[in-house]
Amino acid sequence: MEKQGVKIMATNREARHEYFVEEEFEAGIELSGTEVKSIRQGTLNLKDAWCGIKDGQLLLNQMHISPYDHGNRFNPDPRRVRRLLMHKREIMRLYGKVKQDGYSIIPLSVYLKGSLVKVKIGLCKGKKLYDKRQSAAEKDAKRQIERAMKERY
């Protein structure tokens, strides 16, 4: 049996700052050509990425995968729309939440699970400015407590 190691290739740090993550899901991603090789090199960016549902398909928009160095002239567009692979039932559940409750679907990370490329997506609700301030204050307080405990022992 092959060992199923997980290697994180990119994370969307801004997502946890801008949104409350209610639920997380794992999805496969449909890639073409040399995109997998490029991802293995770590040349991808999730900063402005977002997910949408169109015609019953979950699509990943604005994720940048740099063209592979040793590729040819048929390298795909770095910011093309990519399809995420999930069960239809899960996609329809997400669609209902997005339409009724005002949630967003945001990619949180891209990782390798064995030889497969997976995307962790989150069902997120946007933070208000005061929520962001509160999160920053909690983080700062936690950091100060850790520092005080470290100095004491």
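Cavity and fold

Modeller: The largest cavity has a volume of about 40 Å³. A cavity here is a set of points on a 1 Å grid over the protein atoms alone where a 1.4 Å probe fits but cannot get out; the volume is the space filled by probe spheres set on the points, which are joined across faces, edges and corners. The model is predicted: local features need pLDDT of at least 70, side-chain atom pairs count only at pLDDT 80 or more, and totals for chains, interfaces and linings use all residues. Residues are numbered from 1 along each chain as its sequence is written, and side-chain values use heavy atoms, with hydrogens and water left out.

Colleague: How many cavities of 30 Å³ or more does the structure hold?

Modeller: It holds 1.

Colleague: Which residues line the largest cavity?

Modeller: The lining, meaning residues with an atom within 4 Å of a point, consists of T34, E35, S38, I65, S66, P67, Y68, P76, D77, P78 and R82. It divides into 5 nonpolar, 3 polar and 3 charged residues.

Colleague: Switching to the fold, how many helices and strands does the protein chain have?

Modeller: There are 4 helices and 9 strands, taken as DSSP runs (H or I, at least four residues; E, at least two) and numbered from the N terminus.

How values were computed. 1 Å grid on protein atoms, 1.4 Å probe; cavity = no way out; pocket = protein on both sides within 12 Å on 5 of 7 lines; lining within 4 Å. Nonpolar A, V, L, I, M, F, W, Y, C, P; charged D, E, K, R; others polar.
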